[in-house]
Amino acid sequence: IEYWRGRLPEGERKIFLLLVKAHHQIPRDELDEQTGYKRSSRDAYLARLKARGLVEFHHRGMVAASEELFQ
């Protein structure tokens, strides 16, 4: 987690840290509320985080930090 905290661009880092702090699934809309990002920006950041293996997408628009980060 610390490795990525220092290497991710601001938008990705903000979402990543929210998901790590929550340590459970969060609706995508809640990320919008907490970050102030628009849907298109949020989805772009999530796609980049997913490509790095840092987040997992779940059913019904839920997203979470990858469980591997907590092992």
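**Close-ups of salt bridges and a helix pair**

**View 1. A network of salt bridges joins Arg28, Asp29, Asp32, Arg39, Arg42 and Asp43.** This is a predicted model, and a total of 8 salt bridges turns up in it.

**View 2. Here Arg42 and Asp32 pair up through their side chains in a salt bridge.** The N to O distance is 3.0 Å. Arg42 belongs to helix H4 and Asp32 to helix H3, so the pair links parts of the chain 10 residues apart. Both partners, Arg42 and Asp32, are buried.

**View 3. Arg42 also meets Asp29 in a salt bridge.** This time N and O are 3.8 Å apart. Asp29 is exposed, at 52% relative accessibility, whereas Arg42 is buried, at 2%.

**View 4. Glu12 and Arg52 form a salt bridge.** Their closest N and O atoms lie 2.2 Å apart. Glu12 is in helix H2 and Arg52 is in the loop between helix H4 and strand E2, so the bridge ties together parts 40 residues apart in sequence.

**View 5. Helix H2 (residues 10-22) packs against helix H3 (residues 28-35).** The angle is about 115°, and the axes are 11 Å apart. H2 passes H3 in a right-handed crossing. On the H2 side, look for Lys14, Ile15, Leu18 and Leu19; they meet Leu31, Gln34 and Thr35 of H3. That contact is made up of 4 nonpolar, 2 polar and 1 charged residues.

Terms used
Residues numbered from 1 in each chain as written. Predicted model: local features only at pLDDT ≥ 70, side-chain atom pairs only at ≥ 80, totals over all residues. Heavy atoms only, no water. Axes fitted to C-alpha atoms, helices over the stretch in contact; angles between N-to-C directions. Helix = DSSP H or I, 4+ residues; strand = E, 2+ residues; numbered from the N terminus. Left-handed = near helix turned anticlockwise from the far one by under 90°. Contact = heavy atoms within 4.5 Å. Nonpolar A, V, L, I, M, F, W, Y, C, P; charged D, E, K, R; others polar. Salt bridge = Lys/Arg side-chain N within 4 Å of Asp/Glu carboxyl O. Buried < 20%, exposed > 50% of the residue type's maximum accessible area, 1.4 Å probe, protein only.
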